[in-house]
Amino acid sequence: MRARTLKDSKVVILGLGLIGGSIARGLSREKLCAGVWAVGRNETVLGEARNLGVLDGYSLDLRTVCSDADLIVLAVPGLSIAPLLLELAAFIGSRTIMTDVASVKSSTVDAARMAFGEVPANLVPGHPIAGSEKSGFAAANADLFRNKRVILTPLEQTAPEAVNLVTELWQSLGAEVLSMSVPHHDEVLAATSHLPHLLAYVLVDTLSRQGESEEIFRYAAGGFRDFTRIASSDPVMWRDIFLTNADATLSILDTFTEGLERMRQALVQGDGDYFLKTFTRAKSSRDKFMSLSASHVPTAPRTPGLEFLAEPGGRLSGAFRVPGDKSISHRAIMLGSIADGTTTVNGFLEGEDSLATLAAFRSMGVAIDGPEQGRVVIRGVGLRGLKAAAGPLYLGNSGTSMRLLCGLLAAQHFASTLTGDESLSRRPMQRVARPLADMGARIHLQEGGLAPVVIEPATLRPIHYAMPVASAQVKSCLLLASLYTEGRSVITEPAPCRDHTERMLEAFSYPISRHENRIEIEGGGILKAVPIDVPADISSAAFFMVGASISPDSDILLRHVGINPTRIGVINILNLMGADISYERESVAGAEPVADIRVRYAPLHGIDIPLDQVALAIDEFPAIFIAAACASGTTVLRGAEELRVKESDRIQAMADGLMALGIQVQVHADGLSVEGGQLRGGTIDSKGDHRIAMAFVMAALRASAPIRILDCHNVATSFPGFVELAAAAGVRLGQHEH
C-alpha cells in the first residue's frame, strides 16, 4: 500500500448525518483533502450539501464514487456497516483505505471478516467520542471533533500507512487520536457510554408512563435534565449499539444492578452510613476522574487564531435563507420560560449566543426540548416559577443575554451571578444597572461597571425612565423587570429602536401600551404561551444585501426575512444610496412582518445618513460602511455613539480597517465619514467582533487584492454556517487556524 497524505486524497463519506456531515464540513471548510464526496439515500440532503459547497459531488450508487476513492469513511449506524462492507468487497482493492465511526468495534471487525474473508489490512476501525443531542446533516458542525478524542482500534495485520492516513484525518479536524484494542474499547465504552445511555432512556420512559408524567417533567430539576440529556440522542443509532455490543453491556449492567440492589436494601433498612460512604466514595472518584480527564484533554487552541482569507472579485447570486433572528430567538426563550403553558418556537437561531440564553433558563429549572432543526419546545414555569441555578450563569459572548437577564433576575427571590467570556467581560453594564437600581434592584458590578454581575434578591418598584440613548437592550431589560412590580412603569425612548420585546409581550397576551416614543406596562400580569415563528435575521441578511449591492451582475433573493419597521434602517439607508432592493411575498409571522428580499447590483452614492435611521440600523453599520466605501462621494454617519460600546468600538475598528484598505475616513465621536474609493487588499483586525469580520468579507467583492481578516472566532456566535453560505453565494472565502 503506497503512502499518501490527506491533502492528495479523495475522501468519500457513506452517510451524511451528524458525524458524516461534520467530517465533510470540516474537510471542505479547511480544504484539507483533494475532494469530499458522499453516498447516501436522501438526495435532498446530498444536494443541499453540494449546493453549500460542503461536497464536491455525491451519488446514490456506491460504486460510482467509491471505485477511485483514497479514503472511505463509513458514517452509518452499526447495523448498516455489514451490508455496506459486503457491497464494497465486490470492487474495493487494497489501495482504498477504509474506516468507520461506529461505537462498537467488534461488530465492525466481524462484518469485515464476513465480507472480505478476513479483516483487510486497509481497514482501520475508529470511533470519535463526539456527538450532539441533535442529529442529521442540519446539525453537522465543522468543529464537532475539535479537542475531542478519537479511538482507533487497528488489528495486528492493519497496514501502518492506513493508520497514518486515518490518524491524519482526525488530527486535521482538531481531534486527539488514541489507540486501543477492539475488546478493551468495547468494554470501556459499555461502562462509560452505553450503560449511561441505557439508564437515561429507561428512566425517561419509566417516568413518561407514570400517571402524572406531565407534572413530573414540568417540575423536573436541573439534575434530571443533566442526567437524561443523552436520552435525546438518535434512537436508531443506540438500538444498533446495544444490539452489537450486547455482551459487554450485559456484563456492566449486571454489575450495576448488583450495586443498585445494595442501595435498595440500604434504603429499606434506613442505613444512612451506607449512603454517606457510597456517595463520598463516588464523589471522590468522580472528582479524581474529572481532574485526570482534564489533564489529558488537548489544550484548546487560542480561538483568536481563526482567520478568514477573502479573495478579490466575484458576484452574489441565488436564493437562500440566512439563520433565524437572534433578537427574537433570545426573547422567545425568555418569555416562553416565564409564560404559563408550552411555547413552541420554530426558526430558532442555533448560534452560541441564543444557546447561552437557552442554557441559562434550563439551569433555572425550565424544561426545554431541542433545539432540533430550529424547533424548540419550552414548558413555561410562570412569572414566579424560576429557580436558583446551581452556579453562575455563563453567557459566553452574548451581551443581549446578560443585559436582559439583569432585568428579569433582579426581582427573583434568589441570588444570581452572570458571567461571560473575555469579550463580554469588557462591555459596560452600568447602562442597565443604574435604572434597575432606581427600581430597587441590588446589582453589583466589577470595577469599571463590568461583569461578572452579582444580583441579590430584591422587591422592585415601578419606574418612569427617559432613556438617554436609544437602546433596545436597555428598554427590554426594564420592561422585563417591570413585569415583577406592583404598578405601572413608563419608559420613554429618544428615538425608535427595535421593538421585538413589546411585540412579543403582546403576542404572549401581556397588556402593554405603546404610543409614539412612550411605552407603559403594568406589573404582575400573566404571559400565556403561544407559538413563535422566528423569521430570518435582517442583521445577518444585511451583509448579503451590501455584497449584492456593490458587486456587478449580482442578483439574490433572501427568503423569509424579518422586516420589522424598527429594524429596516439598513434597507432604508441602502435605498437612499441608490440600491436596488425590493420586497416579495410579504406576510406576517407571529407578531413580526416578513418578506423575501430581492437585491440586485446598483451603483451607490454617498449620503448624509438621516438621524431617524440610526437607531433602526445600529447593528448593521459595519456592513453599511462597506457600502459607503464602494459608493461615489462621501457618506456621513452621526448620532451613533452606541457603536462605541458594542462587541468592539465599531467606529474605530471600521475606520482602522477601511484605512488599511486605502479608503479615506474621518472619525467622529459619534460616527464616521467615509469617502468612497477603490478598495485594495490588506490585513484587518476584527477585534473578535463578528460583524466587523463579516463586513470585510463582503468588501473583498470589490477589492483589488485579497483581504486577510484576523480574530474571526466569534462569527459562529451570531451566524452559524456563514462561511459555507457566503462561499455558495459567490464569495471567494477560505479560513484557517494559525
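Tutor: Helices (H or I, at least four residues) and strands (E, at least two) are DSSP runs, numbered from the N terminus. Also, this is a predicted model, where local features need pLDDT of at least 70, side-chain atom pairs count only at pLDDT 80 or more, and totals for chains, interfaces and linings use all residues. Residues are numbered from 1 along each chain as its sequence is written, and side-chain values use heavy atoms, with hydrogens and water left out.

Student: Ok. In β23, what's the bridge partner of Val345?

Tutor: Ile532 is the partner of Val345 there. Strand β12 (residues 340-346) and strand β23 (residues 532-533) are joined by two bridges and run parallel.

Student: And how many bridges join β12 to β14?

Tutor: Six bridges, and β12 runs antiparallel to strand β14 (residues 375-381). Asp340 sits opposite Val381 of β14.

Student: So what order do the strands of that sheet come in?

Tutor: The order is β13-β14-β12-β23, four strands in an open sheet with mixed pairing. At the edges are β13 (367-372) and β23, each pairing on one side only.

Student: Which strands does α13 lie across?

Tutor: Helix α13 lies across β12, β13, β14 and β23, and runs at about 30° to β14. Angles here run from 0 to 180 degrees between N-to-C directions, and axes are lines fitted to C-alpha atoms, for helices over the stretch in contact.

Student: At what angle do α13 and α14 pack?

Tutor: About 5°, with the axes of α13 (residues 326-337) and α14 (residues 352-363) 9 Å apart. That's why α13 counts as roughly parallel to α14; the cut-offs are under 35 degrees for roughly parallel, over 145 for roughly antiparallel, 65 to 115 for roughly perpendicular, and oblique for the rest. Contact means heavy atoms within 4.5 Å, and the residues making this one include His330, Ile333 and Met334 of α13 and Thr357, Leu358 and Phe361 of α14. By class, the α13 contact with α14 has four nonpolar, five polar and two charged residues. Ala, Val, Leu, Ile, Met, Phe, Trp, Tyr, Cys and Pro count as nonpolar, Asp, Glu, Lys and Arg as charged, and the others, Gly among them, as polar.

Student: Now α19 and α23: how far apart are their axes?

Tutor: They are 9 Å apart, and α19 (residues 538-550) packs on α23 (residues 690-699) at an angle of about 20°. That makes α19 roughly parallel to α23. Among the contact residues are Phe543, Phe544 and Ile550 of α19, plus Met694 and Met698 of α23. This contact of α19 with α23 has six nonpolar, two polar and one charged residues.

Student: Switching topic: how many residues of β2 are buried?

Tutor: Four of the five in β2 (residues 35-39), so that strand is largely enclosed by the rest of the structure. Buried means under 20% relative accessible area, exposed over 50%, partly exposed in between (1.4 Å probe, protein chains only). Strand β1 (residues 10-14) pairs with β2 in the parallel sense over five bridges, and Ile13 stands opposite Ala38 of β2.

Student: Last one: what's the order in the sheet with β10?

Tutor: That open sheet of four strands goes β30-β31-β10-β32, with mixed pairing. Its edge strands are β30 (682-685) and β32 (733-737). Strands β10 (residues 306-310) and β31 (residues 707-710) pair in the antiparallel sense over three bridges, and Ala310 has Ile707 as its bridge partner in β31.

Notes. Pairing = 2+ DSSP bridges.
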